[in-house]
Amino acid sequence: PYIMANLNSSPALFVMLTADVSVAQKGKTFEGIVIYDITYPESNFDENTMAMLPSTMTTRILGKMKMIEILSGMSNQKEITNAENKSRVALIDVMGQKFAIKSTKEEIDKENAESPEPVVEYLDETKEIAGFSCKKAIIRYADDKGKEQSVEAFYTEDINVEGIIFEGEYRNLKGFPLEYTVN
C-alpha cells in the first residue's frame, strides 16, 4: 500500500510524500523508498524556468545505505551515503557533463566540525501525516556561506532511520522528517 501526505515546505516549496508503509513499522529499521514531489506554489517563475527546476526527490534506504536523487530539467543529482563507514559520493549529471565527488568519513567529520552544530528546538505541536504521528521542530543551522537558516519540520519517530542521517541540518533530529519548509 502507498500513502500520500501533503508536506508544507514553503513559502518557497511544497512537497508531497509517497512512501511504501509495508516496511515502515514502528521499532523496525525503515527500508524503502520515499518520493517527494516538489512544487513552488508561491513563486512567480515562468513556464520555462519551472521546467528547469527540480520536480522530484527520491530517497531510497536499504540497510545502512541511503541514496537521494533529485531530478530537474537540466540535471540529475544523486547522493549516496554509507552510514556503516560514514562516507558519501555525489553523482552529478548536468546536460551530459558528469561529475563524481567522493567524501570520506574524515572529510565529513571535518565538515561537521567546521560548521556549527544544528540546533533543534522541539515544540509541543503535533499532527498526523500519512498515518504517522508527527511532532514539530525548528532546526537552525548555518548554510555554506555561514548564514543562519531555519527549517520548520514535522518528524515521526515511528520511521526508524537511526544512524542513517549523520550529516547536514537533520543530523540531530530525533526522527524522520515527513513535512518541512525549505526557503
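Mentor: What follows is a short talk about the labels used for this protein chain.

Mentor: This is a predicted model, so local features need pLDDT of at least 70 and side-chain atom pairs count only at pLDDT 80 or more, while totals for chains, interfaces and linings use all residues. Residues are numbered from 1 along each chain as its sequence is written, and side-chain values use heavy atoms, with hydrogens and water left out.

Trainee: What is the average pLDDT of the protein chain?
Mentor: pLDDT is the predictor's confidence in each residue, from 0 to 100. The protein chain averages 80, and 84% of the residues score at least 70. Over residues 1-24, pLDDT stays under 50.

Trainee: How many helices and strands does the protein chain have?
Mentor: Two helices and twelve strands. Both are DSSP runs, numbered from the N terminus: helices are H or I with at least four residues, strands E with at least two. Helix α1 covers residues 47-52 and includes M52.

Trainee: Why is M52 called partly exposed?
Mentor: Buried means under 20% relative accessible area and exposed over 50%, with partly exposed in between (1.4 Å probe, protein chains only). M52 has 37% relative accessibility, so M52 counts as partly exposed.

Trainee: And how much of the protein chain counts as buried?
Mentor: Of its 183 residues, 38%.

Conventions. Contact means heavy atoms within 4.5 Å.
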